[in-house]
Protein chains: 2
Amino acid sequence: MKKKRIVVIGGSAAGPKTAAKARRLDEHAEIILLQKDKDLSMASCGYPYYVGGVFDDRNELISTPTGVVRNPKFFLNAKGIDARTETEVVAIDPKEHTVTCKHLQSGDVDTINYDKLVVCTGARPIIPPIPGTDLDGITTLQSMKDADFLRKIRDEKNIRKAVVIGGGLIGIETCEALELAGIDITVVELAPQLLTFLDWEMAEIVENHVRAKGSNVITNNGVAAFLGEGGKLTGVKLANGTELECELAVVAIGVRPNVDLAKAAGLTIGETGGIAVNEYMQTSDPDIYAAGDCVESRNVITNKKVHAPMGDLANLQGRVAGENVIAGNTATFSGVLQTGICKVFDFSAGSTGLSEAAAKQLGYDTYETVVNASPDKPGFMGANLLISKMLADKKTGKVLGVQCVGPGDVSKQIATAAMALKGGFTVDDLINLDMPYAPPFSLAIDHFVATAHLMQNKLKGRLQGISPCAVHEKLENHEKPFILDVRGPDEFEQMRLGIGETLIPLGMLRKRLEDLPEDKETEIICYCKISLRGYEASLILQAHGWKNAKVMEGGVMAWPYNREK
Amino acid sequence: MKKKRIVVIGGSAAGPKTAAKARRLDEHAEIILLQKDKDLSMASCGYPYYVGGVFDDRNELISTPTGVVRNPKFFLNAKGIDARTETEVVAIDPKEHTVTCKHLQSGDVDTINYDKLVVCTGARPIIPPIPGTDLDGITTLQSMKDADFLRKIRDEKNIRKAVVIGGGLIGIETCEALELAGIDITVVELAPQLLTFLDWEMAEIVENHVRAKGSNVITNNGVAAFLGEGGKLTGVKLANGTELECELAVVAIGVRPNVDLAKAAGLTIGETGGIAVNEYMQTSDPDIYAAGDCVESRNVITNKKVHAPMGDLANLQGRVAGENVIAGNTATFSGVLQTGICKVFDFSAGSTGLSEAAAKQLGYDTYETVVNASPDKPGFMGANLLISKMLADKKTGKVLGVQCVGPGDVSKQIATAAMALKGGFTVDDLINLDMPYAPPFSLAIDHFVATAHLMQNKLKGRLQGISPCAVHEKLENHEKPFILDVRGPDEFEQMRLGIGETLIPLGMLRKRLEDLPEDKETEIICYCKISLRGYEASLILQAHGWKNAKVMEGGVMAWPYNREK
C-alpha cells in the first residue's frame, strides 16, 4: 500500500494542529510540515505577556507543557512529523500536486509531491500606507522576532515614550505590556472607541480603566506619518495634525489573510479576502484544504462570511482539516460566533455574537438590548463588578449577542453566553438555568441569569429601561427629564453623576411622592448604583401614575461619561 | 378594587425572593412575610466563610450590597413588604384561606387571611438518632445562630479538636473553615467517599487534597454515639468502635424538607419527602404555592423527582412563585440539572447532570465516560490543573453529566457543561465551540472542548481508554498488563506511580518498539502526566500491531491512589 503524503504549509497554530491530528489518525502517512520561520508552533497569543514580563523564558512560547521545545527534532521523534523550518513555499501546482520550496539558509529550491495539501499561511499585519514606515523603532507584535524586539526594549529600559497604533485586542494587550514596562503609552485609534467588538458605551468603560492605569488614549484619529531623524523614529503625526513624540511605535491596526500562494494557485478567494473553504475546510481544489487565519469562516448568527483570525479557531479548524485529509471529509467545522476576550489591566472585556453596532450595520431592526451591572459574587467574598449588555430578538426572544466588561469573572460570563448562542437559546430558556452556585464563585442568581431576567422583564414590558447614552443625549438636546437617584445619602456623597439629579433614597420614595413632578407625563429617569433599586423605584412611580418613569440601565456603574466625584 | 393579599411563610431565600418579585409586579398588593427566626434574608451559603474568617462582620450575611441590614424596617421601606420576624406559623387552613401565627416574643396567637399563600419553610438538618446528641459542643451549620456559635469558637481559640460528621458540601466547607481556624479536624463520612455528587475516583482526588491541607478523613464509617462528661462533648464513637477525642462536633449529614405545616394542611407530599409542586410552583391546593428547600423538583435529565436544596434554585423558584401569585401562572420553573460546586481549600469541585454512579443506579447501560486532565491555561500564564469526567450516551452522543475538580477554573467548566446539558447537546455539538480564548483565561482549545474531543475520539473508537480504577483493579486481580509510562526521565524521577511500569519517553517509542511485549495480544496501558502523550503512544502501538494498547485516562494527575514519589 502506497503511503499517503500530506503536506502542510505553515507551522504556527493551524498547521501543527493539522499535522498532529493527521498523524493520530494514520501512523503510516508521510506528513511534511513546511515553515518559513525558524520557530514552530509558537503560542503567538502569549507574545504580549512575554513582552510585559508575566514570564521571562522565551522558550515557554515554543515548548510543550513539560518544557520540551517544539523544534523539528521534537516533531520528528514525538509526533512522527517531518517539520522543515526556514523553508518557504514559493508556489503550489494543484494540477501536478506539488509545492515548490525555497530553503532560506541554502537558497536551494526543491519540489515536493502531495496527495493532500493543507494551506495554513496565516495572516499578515496591516501596515498603513504612510510616510516613514521604514524608520527604526516601528514594529508590529505578530512574530517571535517582534516579541523578542519588544521584550529587549522592556529589559533595557531605554525607551521613554511609545505609541500603540490601533486599539483592538492586540493593541490593548500591547499597551498593557508596555505600560507595565514603565513606558509612557499613547494608544491611537481611528474609530471613536477602543475594542470595536464592544458597543461604544461598553468600550468607554474599558477606556476609562485604561486611562486610570496611566495610559493615554486618543480616539477618532489616525496616524498620518511617522516622523524620524537619522533613520530613527522620533514621533508620529496624527491625521488632525497633532504630533506625538515617541521612540517606539507598535502598529496593531489589524491583519489580512495571507493568501498570496493560494491566489497564485488559482484557489477561490472569498469576499472577505480569506481563502474560501467549505464546512470540511476544503478549498475550491478538492485535494487542497486550508485552515486558520488565512481562511474565511461563516458567522452562524448572521450566516455571513467573516474573517475571524483567532488562535482557538485556528486550532479547531486544523483539527478538522487534519482529520479530513486522512479520513475523507468525516469532520466538519460549523462556523463561528466571533467570541473574543481580552485582559485589560485589572479588567477583562469579552463579547460573543452581535454587538448593537453590528446588528444595526446588518440592518436588524427587531432587537432589544439590556445592560446589567452587578457584582460577580457576594460582597463578603470580595466581589468584583461585571457590566453586561445583552442583545435579543424582540419577536423570537432569541439571544443575539452578549458583551461583558469589568474586573469580575468576565470569562465565565462570555463562555456561558457563547453556549447560549450555540444552542440558539431564547431569553426564556435562560431564566431558570441551574448554574454552579457557591459564594466563592457567583451570586445566588448568577450575573448571566440576572441579565436574562432583566431582558425578559424588558421584553415583557415590565422594565422600562433607558440606556445611559440615551439619557446623555436627552441632556445634550436640552430635554428636561426628571433625574432621580434613589441611592443612600452616603453613596451620593461618595460619587454622583452631577446631571441635575434629585436624591430620594428608595426607602423614602413611597413617603415622598409629593417631591416628584406633578405632571404625570413627565419623563422620570430612576437609577441607583447598579439600577436594581432604580428599577424598583420606576415600578413604584409607574404604579402611582407616572407614565414615563424609566430605569437607567446599569446605574452609576455603567455610566460611561464623566462623574462629579 | 380589593387589594390582593399574599402571605409568604419563610424569610430565608425563597421567601424574600417570592415577596420581592410579587411586589415588583403589583405595587398595591398586600404582602406579608412571616419568619420564625430573628433574622431575614440570610446568605446562609456564606456561613462557612464567616466561620472561617473570610470576613468578620456578621451583618454582611444579612445586608444589601450597600450595607443596609435587611430587617423588617428595610423590607417595609424599600420593598413595601410587611415582614414579621419571630413569628411562627403553626397552622394553615386551606379551606378558610388562613394561617395561624404565634408571636414568639409575646406568645400571642393570631390568624391572617390570604388570597395566595407561598410556603417557603426550607429544610431541616438531619440529626442522627444516636446517644448523646444533647451534649454541649454539638451543632449543625444551618442557621445564623449556628454560624455565631462556630465563629465564637474560632475567635476564642479554645477548642483543639473537632469532628465534622458528613463529607458533603456543607461538611467540606465547614472542615475548611475550622481547619483555617487552627482546629484539628477529622471528617467522618458513612459513604466510601467525600462529596457523593462526584464519582469515587474524582472524590478521591479531592480527599487527597483535604488530607494534604492537614485534615483527617475517615470514610466508610458512621458515628455510633457522642461521648461526654458533665454534659460536655468529649468525643465521638464510630460504628467500627474507634473513639475520636473532640470538644466540638458539627453534624452535616444532610437536610430534609421541612413539610410539617404543609402535611398538616393536607398538601400533597412527593415521593422524595418534599412538597409536590407543578411547573408553576403550585401545590396540590391551587391557592398555595411552595418554593425552595421544602419542595421537590424534577431532574430534567432523568425526569425523576429529586430534593435539590440549593440556594440558587430557591431564588429561581421564588421568582416563579412570586410572579404566579400575582399574574396567575405566567411563569414556569423548568426543573434542575443538580448542578453544584464547592470550594475545598485550594481546589474546587463541581458537577452537573449525572455521575457514573448515578447513571448506574438509574440503570443506564449505554453510557460512555472519559477523563480529561489538563492545565486551565498556558503554563506561562500560571496554569492550574483541571480534571474532568464526562458522561455521554453511546447511542445518541448526548452529554449526560460532567464533573470537574482541581485547583483550576472549575466554575467556568461546570457553567459551560450546565449550558450543554440545558441545550441537550451531543458531544458533536461541542467539538467546534467558539469559546472566549486569550492566554489569561484558557488554553487555545478550552479544557471543556478538549474533554469533548476525547469523548468523541472514544465514541468513534479512536481512543481506547481505560480508567485508573480499571487499571488498579487489574493489578489487584494480579492481571499482568504491560504498563508504559511515556513521560521524560526527569518527570519520572520526580513522581511515578510505582505499579511496575516501564519508562519509554514518547520521543523514543518508535525506535524502541522491540522493548515492548512480543505477543501482540498483550494488554498495554500507556500514560503520561495527563495522557495526551499516552494517547499518542497507544495509537503508535496499535498501528504497529498491538491490538490491546490502551491509554490510561487523565494520566498520573488523575491517579487517585498512592504514588511512589
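Residues are numbered from 1 along each chain as its sequence is written, and chains are lettered from A in the order in which they are written. In this predicted model local features need pLDDT of at least 70, side-chain atom pairs count only at pLDDT 80 or more, and totals for chains, interfaces and linings use all residues, while side-chain values use heavy atoms, with hydrogens and water left out.

**View 1. Domains of chain A.** The assignment, with bounds from an automatic or database source, gives domain 1 (5–122 + 256–327), domain 2 (138–253), domain 3 (346–459) and domain 4 (465–558) in chain A. The centres of domain 1 and domain 2 of chain A, taken over C-alpha atoms, are separated by 30 Å.

**View 2. The interface of domain 1 and domain 2 of chain A.** Contact (heavy atoms within 4.5 Å) joins 15 residues of domain 1 to 14 residues of domain 2. The two domains bury about 1300 Å² between them, 65% of it on carbon and sulfur atoms, where buried area is the accessible area (1.4 Å probe) that two parts lose on being put together, summed over both. Within domain 1, Tyr47(A), Pro48(A) and Val51(A) lose the most area to domain 2, together 46% of what that side buries.

**View 3. A salt bridge in chain A.** The rule for a salt bridge (a side-chain nitrogen of Lys or Arg within 4 Å of a carboxyl oxygen of Asp or Glu) finds two across the interface of domain 1 and domain 2 of chain A. The side chains of Arg151(A) and Asp56(A) meet in a salt bridge, with an N to O distance of 2.5 Å.

**View 4. The rotation axis.** Superposed by least squares on the C-alpha atoms of residues with pLDDT of at least 70 in both copies, chain A can be laid on chain B with an RMSD of 0.0 Å by a turn of 180 degrees and a shift of 0.0 Å along the axis. The two copies are therefore related as by a two-fold rotation axis. Of the residues of chain A, Lys412(A) comes closest to this axis, with its C-alpha at 2.5 Å.

**View 5. The interface of chain A and chain B.** Here 91 residues of chain A are in contact with 91 residues of chain B, and the two chains bury about 7600 Å² between them, 60% of it on carbon and sulfur atoms. Ten salt bridges are found across this interface; Glu323(A) forms a salt bridge with Arg462(B), their closest N and O atoms being 2.9 Å apart.
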